[in-house]
Amino acid sequence: MNELDSLAATARAAFAEARTPAELENAKAQFLGKSGRITELMKGMAALSVEEKKSRGAAINVAKQAIESALTDRRQQLADEELSQQLRAEALDVSLPGRRRIPGGLHPVSRTLERIEEIFSSMGFDVADGPEIESDWHSFTSLNNPPNHPARSMQDTFYVDLNGDDGIPYNLRPHTSPMQVRYAHQHIKKYAAEFAAAAADTTGTVKAPEIRVIAPGRTYRVDSDATHSPMFHQCEGLWLGENVSFKDLKVVFTDFCRTFFERDDLVLRFRPSFFPFTEPSAEIDIQFASGPLAGRWLEVSGSGQVHPNVVRNMGLDPERYIGFAFGMGPDRLTMLRYGVNDLRLFFDGDLRFLSQFQ
Ligand code: PHE
C-alpha cells in the first residue's frame, strides 16, 4: 500500500472510531482541515516540476476523494444510529389501554352557591364579592361589636401578620357581615346623586334608593369538627330601604328556602337570638314535613333588623333607612339538601365522594 492509500485507510479508521457527530468533525479536521494532512501534502508539491505536479496532484485528489466519501458515509451512519436510538426511546406500546378523561363537575357547595345566587337574583338582589382578608373595622367595629367582644379574640378569629391603617392586625373574615357596610359604601358612591337627592328631600316625595344584596363567600374561624371547618362558607343578605320590615325578611327567606329545597311544605321558625349588629335578632330554623329529616328543626341562618349604629356606619340615616340582614351557611344547606352528615367531606377533595354529585 502506498503512502496515499494508507492515509485514506487511516482516515477511514479514525472516522469509524468517532462515536458522535462532534468527534467525527474533529477527526475530519486532522485530514481535510486547513492544516490537515491533505493540505500539507498539497503544500509539499511546491518544489515539484510541472509534470510531477500533475501526476502527484491527481494522486492526492484520489486520496482526498476517498477520505471525503469515507466521511460522508460515517456521517450518514451516525445520523442513522441517532435516529434509530430516538425511535427506540420513544416507542409507544399501542396495546396499553388508553387513559380516560374523567369529566369534571361543580363542587356540591358551588352548586349550592349558584342556586342561592339564582334565587336571590330573581328576587332583585345584587350579588357582591368582597375580600377574605378584612380590616378590624369592617369585621367588627362597623358592625357594632364592643371592643371586648369574644369574636375579636384569637380563640375565635384568625389574624394575619400584617397591621391595617388603624394599627390593628387584619383578620380572615369570620363572617360575611363586613360586606353589609362595604357594599353599602360602594352602592352609595355609585348612586351618589340619587342618595343625595333623597337625603336633601324634605317633601317626602323622593324615595330613598334601596340596598338589596347578597354576598356569598369563604369565611374562617378557629374551629374544627364534624360540623365545623376552619374554612367554611357564608352568604350574607341585606335589604335596606324606607319601609323594609321583619315581615319582608320572613317572606323573602321563606320563599328562598322553599325554592332552594323544592319543598312547598317547608316551614320556618324565627327563634329570638342576639347579634351585636341586629336588633331584634333571630335564628332561622327550618322544618321539613316529610323525608328523613321530617319534624326536626334545623338551624340555617342568623338574621335580624339592621342595628341603627350599623346603618349610621354605612353613612345612612337610621331614621330613614330600615331593613334586615341575614347570614346563612351554604355548607349546611348543602348537607341538608344532599343528606351529608360530615362537613369535612366537602373539603377533603376525595373524588369518590365528590363524583357522586355529578
Ligand atoms: N354574621 C352572623 C354569624 O356569622 C350571622 C348574621 C348575619 C346574623 C346577619 C344577623 C345578621 O353568625
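Tutor: Let us begin with the ligand itself, one of whose nitrogen atoms is 3.0 Å from an N or O atom in the side chain of His175. A nitrogen atom of the ligand is also 2.9 Å from an N or O atom in the side chain of Ser177, while an oxygen atom of the ligand has a polar side-chain atom of Arg221 at 2.8 Å. A polar contact here is a pair of N or O atoms within 3.5 Å; within protein, one must be able to donate a hydrogen and the other to accept it, and residues adjacent in sequence count only if both atoms are side-chain atoms. Taken alone, the ligand exposes 320 Å², and the protein buries 91% of that (accessible areas come from the Shrake-Rupley method with a 1.4 Å probe, and for residues only the protein chains shown count as cover).

Please keep in mind that this is a predicted model, in which local features need pLDDT of at least 70 and side-chain atom pairs count only at pLDDT 80 or more, whereas totals for chains, interfaces and linings use all residues. Residues are numbered from 1 along each chain as its sequence is written, and side-chain values use heavy atoms, with hydrogens and water left out.

Around the ligand there are 14 residues, the closest being His175, Ser177, Arg221, Gln234 and Gly327, where a residue is near a molecule or strand if one of its heavy atoms lies within 4 Å of it. The elements giving two or more residues to this shell are β6 (231–241), β9 (298–306) and β10 (322–328), and β10 supplies the largest share, three residues. Helices (H or I, at least four residues) and strands (E, at least two) are DSSP runs, numbered from the N terminus. By class, the shell has four nonpolar, eight polar and two charged residues; Ala, Val, Leu, Ile, Met, Phe, Trp, Tyr, Cys and Pro count as nonpolar, Asp, Glu, Lys and Arg as charged, and the others, Gly among them, as polar.

Turning to the helices, α9 (residues 246–261) and α11 (residues 330–338) have axes that come within 11 Å and cross at roughly 45 degrees (axes are lines fitted to C-alpha atoms, for helices over the stretch in contact, and angles run from 0 to 180 degrees between N-to-C directions). That makes α9 oblique to α11, since angles under 35 degrees count as roughly parallel, over 145 as roughly antiparallel, 65 to 115 as roughly perpendicular and the rest as oblique. Phe256, Phe260 and Phe261 of α9 meet Leu333, Leu336 and Arg337 of α11 in this contact, contact meaning heavy atoms within 4.5 Å.
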